[in-house]
Amino acid sequence: MTVLDTRAVVAGASAPRIRRRRRSRWLRTGRFVGLALIVLAFLGPIVWMLLASFKLNVQIYDPSQAFIFEPTLENYGTVFDPRRGNYLVYIWNSFYVALMATVLSLVLAVPAAYAMSRYMMNKSALVVLLARIIPGVSLLVPWYFIFAQLRMTGGFAPLILSHMFVSLPLILYIMMSFFDQLPEELEESAQVDGLTAIGAFFKITLPLSVPGIATATILSFIFSWNNFMFALVLAGQSTKTLPVAIFDFIGYASIDWGALMAASVVVTTPIMLIALFTQRYIVSGLTAGATKG
Amino acid sequence: MTALHTADSVGLGERLSRWADRHRKWVFAGPAIGFTVLLLAVPLGWTLFLSVTDSKRSVRRAFDFNGIENYLGALTDFERFWPSVGRTAYFTVAALVFELIFGMIIALLLWKPFRGQGFIRTVVLLPLVATPVAVGMMWRLLFEPNIGFVNEMLSWVGIPPQPWLADPATSLTTLVFVDIWQWTPMVALILLAGLTSLSDEPQEAARVDGANDWQRFWYVTVPLMRPVIVAAVLLRGIDALKTFDILYATKGKGGGSSHDVETLNVYAYGLSFDYNEYGLASAVLILFFLIILAVIWVLQMQRKGRDS
């Protein structure tokens, strides 16, 4: 593997011409093999999960039907069978919790990120960092105490609040590095033209921040949708989210592999579709701030 | 800025808006800070408080202070606590090392434009956004000793089937592999963003000086990338330390029947919600938090030491 990366670096090296041509052919082959391996390694398992979700358990157990088999929708029928639990409700729960956590976090975090970025509130920004590094369980225990005292466990409120704990620091972090790069001159000139500083934020800065807010929204939604630990403790039977509901297909003695894979596909598909259409935003959000050192 | 307001009639609304404008820093940041403190500092204080009590079994049960008993209990526990510290360290370091190596290779492969780049970037993005629990289930099927495709593939080249997740000796390493699969793309994207922001000049200068490809990579690219690499290590390292989803999803309570994938996070979770040992769990969590802070501190010191 290490041979590949040196070859990738040399694109356009300036050795004598003949050597260069021979090497560039090697380079192209090496790069092609490398890229093919990437596709196999990352796409392969996902395709396998997708295939298994269309197989009966007998077919999953039969190596000769690995790739060529008669697809069935039976597993999806099992997943959405109302007698087994209500998957449509779980999908809605996941969607509702992720959306509410994202929207509420945006309302709190976007102005805060703006203030922290413009007025260099380093100490406040440290609080955000703390939220990023603290293990979630250490908050889950006290939350559980508090929500149990208030008899709120099983409702949506604790779930949304706990997911906001993931969303808020994420949004703050992304928006702070976005505002850091947004020039101040436009706001200043708007103030010269008679807007208040707050007015300038709402009328000038906010409309300019739409790409940053889109990034923050998408990533917050994805991370909230994928969150497992908080819902595992705080969700009740009727507020269960999809990552927790997957476990319905793991029996005490045996696993219904087909249904389990179908359930996994149901969880991941919406998020992968979002990622497909918004990848530019996702990449810019995930790498936000990292390249500044 | 406030001097701009020259209106003589000062209504309540106007006064309020002026006040808000003067204190805009806190008007903007206050709610978020308040929320974070409420949801973060208060629970953290509560955890600290619980860690010196004998709270257990039920959250409604009365409890007493017991001093540092929980901490002593954890620190002298060589059955569960210290092994889980070891597993956490092993999981984090192993995952990080391979994610950095593979991440760098992928970033270098994607660096210069080529046909089909968009497709490859999308492929790399998919593991990153996939729900970790579903990813755990997916690999659970792939690593299944009898019907898993991994053993099927190994049988093509004559390697006998391995128990992977079923065997306590191999399960943690198998899950390191799953973590590498899911998070290498993250490291690759960060490193790629770093590579793209590098200027060409140092590369050109080294080339003129006759440096070969490997020398240019090792003596020019890597040193220039150091801040980005450190950022990737910090971001990914913190998350790897706290890994929970795939461990709990694939091995269940207590990190499997022989606790073979029980890291600090899984251990603390189990103490809290499987065994309801709230006092002890809180002490473990505080220790865990201190370990994370220490690791970050060491990394930061290293970074500063090298810069000067």
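**Exercise 1.** What area do chain A and chain B bury between them, and how much of it lies on carbon and sulfur atoms?

*Solution.* The model is predicted, local features need pLDDT of at least 70, side-chain atom pairs count only at pLDDT 80 or more, and totals for chains, interfaces and linings use all residues. Residues are numbered from 1 along each chain as its sequence is written, chains are lettered from A in the order in which they are written, and side-chain values use heavy atoms, without hydrogens and water.

Step 1. Buried area is the accessible area (1.4 Å probe) that two parts lose on being put together, summed over both. Chain A and chain B bury about 9,300 Å², with 79% of that area on carbon and sulfur atoms.

Step 2. Chain A gives 95 residues to the contact and chain B gives 101 residues (heavy atoms within 4.5 Å).

**Exercise 2.** Find the salt bridge across the interface of chain A and chain B.

*Solution.* Step 1. The criterion is a side-chain nitrogen of Lys or Arg within 4 Å of a carboxyl oxygen of Asp or Glu.

Step 1. The partners are A:Arg132 and B:Asp239, at 3.3 Å from N to O.

Step 2. On the side of chain A that touches chain B, helix α2 (residues 17-53) supplies the largest share, 14 residues.

**Exercise 3.** Describe how α14(A) packs on α6(B).

*Solution.* Step 1. Helix α14 (residues 257-277) of chain A and helix α6 (residues 132-142) of chain B pack at about 145°, and their axes are 9 Å apart. Axes are fitted to C-alpha atoms over the stretch in contact, and angles run from 0 to 180 degrees between N-to-C directions.

Step 1. Among the contacting residues are A:Trp257 and A:Leu260 of α14(A) and B:Met137 and B:Arg140 of α6(B).

Notes. Helix = DSSP H or I, 4+ residues; strand = E, 2+ residues; numbered from the N terminus.
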